[in-house]
Amino acid sequence: MIAVEGLGKKFGDLWALNDVTFSVEPGRVVSVLGPNGAGKTTLVRILITELLPTKGRAYVAGYDVVKEPEKIRRRIAAVPQEGAPIGFLTPYEFVYAYLLLRGYPRREARRRAEDALRELQLAEVRNREIFTLSGGTKRRVLLAAVLAADVDVVFLDEPTTGLDVISRRMVWNAITSMRERGITILLTTHYVEEAQALSDYVVLINRGRVVDMGTPEALVEKVPGKYVVEAYGAAVEKPHMVIGERAIYFVDNPDELASSLLKAGAKVSIRQRSLEDYVLFKIGAISES
Amino acid sequence: MKKLLRDILIVGWLNGWVPLMRSWIWLVANSITPLSFLVLLAIYEGQRGLVWGLLGGLTWTVASNGISLIGDAAFYRLEIKFQQMLVAAPVSPVAYALGLALSSFIFAAPAVMFYVAYLAALGAFTARGAVELSIALAMLWISTAGIGFAASTLINQMRYAWAVPSILSAVLSAMAPVYWPATVLPSQYLGVVLPTGAAGIIGQSALGIARYGLNVLAAAWASLVIYTAAGLVLLAKVAKWRQT
């Protein structure tokens, strides 16, 4: 449903995206992870046909993003990074207007808007002006619009940034609902646990290049140890990573190391490895090299 | 074409009609400056000044509609990214731009109706004059909408999106013969340099409050035609979703 081959985008002398290649099967959720400035939003902007690539090819829903943007636009929807619905409209008016602009007849747009608002638990606020709503609720209004649009591919660029834990889970529910309907979703996020919980596939990018990809489980397996020991304030042997005063160890048997660190005066935490640790391991290693 | 017209109306509805029905502040904001001029001209010049103030207000209001879409277009692109949602949807950028222009016109419609009704009540219109003025104002609206949308694409920070329309509106209304006759200029042809001036000259002649030679009127029409064509070209060329 999404296929990217050697995609690159150059701004001035800087390659914001370079030789990016991956593909996503229909009905799957793919998360694009990476630090700020990694190129995630540039990738999304190319795939939604807003930005021309400098090199490479990309196909969305079987169509070329450069040559067939009109065909793609009929089959995709996007929630932009830091996007917000129009404040003086109500959630119902916003979703309804969006559906009308997508070409739905009025009756169908009304029905779809009502259903989507109900599904995202926005029925109670459907007639309140959006500027009076919380940040999380506003974000859900955007999601209701793309949910109601019933397209093949949805692009969500950091849809949960800045949201509280409850609002984030409501957004997760919406993403899961879209996935259950067979919609392919490309999600960019800074929250690695979100990617782990929601994704079938993860693409990790840094400085415009893909550094790894795979299922969340396969990537977690690449962490060199079943447990992660994080120590703040002291280190006893060479850690796998150092971030300021924080030392990170990937180990199979954490107890002995933790005891040594505690004796040295460090604050210590132990946890099972996760996708976040793989990102730390991979991106951190790249930064150090 | 049907989808294009439908989208223009939808954008006009969501950005013009809904906020107008919800709050009258924008209506007042759009009308307050030309009404101020109207009051001043009426005080100092009596009924003659009143007609100048009404015609100037009508021209100024139509021109400022096109210009004021700069703020909306920049806000939707830079601040809430609504434009990006529409890029990823089957919406024509030309329909979007014209819809924004229509929404500005919806805000201005009550003020426009007030000026027209008042001028009619004063007996300022002849049938031919009304037609000439209507055509000139329609052309002015298209040309300023094109200029406004093109200018909005050059803005990369919201703080400029509020300042630029004020500057452009002031230049287009004060530096052109909108509230005053082009006869005060060293050459009357200088009056047609800006689209507001061209529309002003045509309107003043149509209402019989200033007399211009045929050549000056022809130059004013030519200027408006050129600005209208430029406005349409700007809408078609600049109003593109795709960025390089």
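Guide: Start at A:Val30, which stands opposite A:Tyr201 in β9(A). This model is predicted, so read each detail as part of a prediction. Four bridges join β3(A) to β9(A), residues 201–206, and the two run parallel.

β3(A) has another partner too. It pairs with strand β8 of chain A, residues 184–189. That pairing is parallel and has five bridges. Look at A:Leu33: its bridge partner in β8(A) is A:Thr189. Strands of a sheet pair through backbone hydrogen bonds, either parallel or antiparallel.

Compare another set of strands. An open sheet of chain A has four strands in the order β2-β1-β4-β5, and its pairing is antiparallel. Its edges are β2 (14–24) and β5 (63–64), each pairing on one side only. Inside that order, β1(A), residues 2–11, pairs with β4(A), residues 55–60, over five bridges. In β4(A), A:Tyr59 is the bridge partner of A:Ala3.

Next comes the largest nonpolar core, with 177 residues. A:Leu47, A:Val95, A:Ala144 and A:Phe155 touch the most other members. Helix α2 of chain B, residues 25–79, gives the most to this core: 17 residues. Domain 1 (2–214) and domain 2 (224–272) of chain A both contribute residues, so the core lies between them.

Setting aside neighbours within four places in sequence, its contacts are A:Pro91, A:Val95, A:Ala116, A:Leu117, A:Leu120 and A:Leu122.

Finally, step out to where the chains meet. Here 22 residues of chain B are in contact with 25 residues of chain A. On the chain B side, α1 (2–22) and α3 (82–87) are the elements that give two or more residues. α1(B) gives the most, with seven. By type, the chain B side divides into 14 nonpolar, three polar and five charged residues.

Definitions and conventions: Residues numbered from 1 in each chain as written. Chains lettered and ligands numbered in written order. Predicted model: local features only at pLDDT ≥ 70, side-chain atom pairs only at ≥ 80, totals over all residues. Contact = placed C-beta atoms within 7 Å. Nonpolar A, V, L, I, M, F, W, Y, C, P; charged D, E, K, R; others polar. Pairing = 2+ DSSP bridges. Core = buried A, V, L, I, M, F, W, Y, C linked by C-beta atoms within 7 Å. Buried ≥ 20, exposed ≤ 12 C-beta atoms within 10 Å, placed from the backbone. Domains from an automatic or database assignment.
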